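I opened this model today to jot down what I could look up in it. Here are my notes, in the order I made them.

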Amino acid sequence: MSGVGPVEPGEGTHARTVLSTPRTQRGLVAQHFERHRRAALGALLTTAVLAGSGFLYVTRPRPEPPPPPPYPSQVTTVEYLDPRAAGAAADPRIFSFDVEVTAESDHPVTVTRIAQPYAGLSMSSSPRTPFRTKTGSPRKITITAWVTECGKVPRNVGLPFLDVTLRNARAIQKHSFILGPRYAQDLSHALQVACSNDFR
């Protein structure tokens with residue numbers, strides 16, 4: 001053989017034909033995914049991060065809630081101090097005395113009302129109610145009482161008390177404070193003077 005040209009197969013030989021395998025058709029979802037692969041992977045990653053964050057948030061350890069403040073009557077004391085001297089020209093049916101209100105709590109207590117149980121006796125306070133007490137700081141209160149009807153007040157008071165309405169963040173309570181024997185003696189004396197025969 002001589003010359004230049006393509007090699008031709010000899011007798012009894014055949015050129016190899018390579019059969020191409022047909023490409024499998026992908027589904028529509030796969031084609032769509034292929035076209036939008038980055039966006040789909042980003043959305044999948046974002047969803048996984050959000051789900052993990054939500055799970056961590058829901059299962060995080062939570063601090064104990066702070067305990068509620070105590071009831072105002074449990075942390076407030078009212079103590080009798082002294083009667084106030086009246087002037088010479090003062091009306092004997094009106095008398096005053098001092099008490100001290102103390103609140104031992106981290107939460108402030110407001111005194112909303114001060115009263116007493118006798119129908120013939122009225123009271124007011126200075127400072128006027130409502131007023132707030134400072135934690136651990138005693139507050140001096142002057143209470144002025146006046147007899148409105150002698151027939152409705154006792155002459156000899158055995159165990160007198162003040163009705164004090166207290167309020168804090170937890171509750172509003174009406175509490176009766178017994179102020180002791182000195183208050184009983186001073187109140188009895190003031191009522192006897194107010195309702196003596198000279199002033200009926």
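I began with the largest pocket, which has 16 lining residues; Pro83, Phe95, Asp186, His189 and Ala190 are the ones nearest its centre. For my own record, the search ran on a 1 Å grid over the protein atoms alone, and a pocket is an open set of points where a 1.4 Å probe fits, with protein on both sides within 12 Å along at least five of seven lines; lining residues have an atom within 4 Å of a point. I read off a volume of about 250 Å³ for the largest pocket, a volume being the space filled by probe spheres set on the points, with grid points joined across faces, edges and corners.

Which elements give two or more residues to this lining? I found β1 (76-84), β2 (94-103) and α4. Of the elements, α4 gives the most, with 6 residues. By residue type I noted 11 nonpolar, 2 polar and 3 charged in the lining; here Ala, Val, Leu, Ile, Met, Phe, Trp, Tyr, Cys and Pro count as nonpolar, Asp, Glu, Lys and Arg as charged, and the others, Gly among them, as polar.

**Ground rules**

I am working with a predicted model, where local features need pLDDT of at least 70 and side-chain atom pairs count only at pLDDT 80 or more, while totals for chains, interfaces and linings use all residues. Residues are numbered from 1 along each chain as its sequence is written, and side-chain values use heavy atoms, with hydrogens and water left out.

**Overall layout**

I listed 4 helices and 8 strands for the protein chain; these are DSSP runs numbered from the N terminus, helices being H or I with at least four residues and strands E with at least two. The order from the N terminus is α-α-α-β-β-β-β-β-β-β-β-α.

**Aromatic rings**

My search of the whole structure gave 3 aromatic pairs, with ring centres of Phe, Tyr or Trp (its six-membered ring) within 6.5 Å; planes under 30 degrees apart are stacked, over 60 edge-to-face and the rest tilted. Phe97 and Tyr183 have ring centres 5.2 Å apart and planes at 55 degrees, so I logged the pair as tilted. Phe97 sits in strand β2 and Tyr183 in helix α4, 86 residues apart. Both Phe97 and Tyr183 are buried. Ring pairs also link Tyr80 with Phe97 and Tyr183 into a cluster.

**The disulfide**

How many disulfides does the search find? I got 1, taking a pair of cysteine sulfur atoms within 2.5 Å as the test. Cys150 and Cys195 form it, with sulfur atoms 2.1 Å apart. The S-S torsion is about -90 degrees, so I wrote down left-handed. Cys150 is in the loop between β6 (139-147) and β7, and Cys195 in the segment after α4 (181-194), so the pair ties together parts 45 residues apart in sequence. Cys150 is buried at 12% relative accessible area, and Cys195 is buried at 1%.

**Strand β7**

Last, I looked at β7 (residues 161-167): 5 of its 7 residues are buried, so the strand is largely enclosed by the rest of the structure. Strand β3 (residues 109-115) runs antiparallel to β7 and is joined to it by 5 bridges, strands counting as paired if DSSP finds at least two bridges. Ile114 stands opposite Val164. With β8 (residues 172-178), β7 pairs antiparallel over 7 bridges, and the two form a hairpin with 4 residues between them.

Conventions:
Buried means under 20% relative accessible area, exposed over 50%, partly exposed in between (1.4 Å probe, protein chains only).
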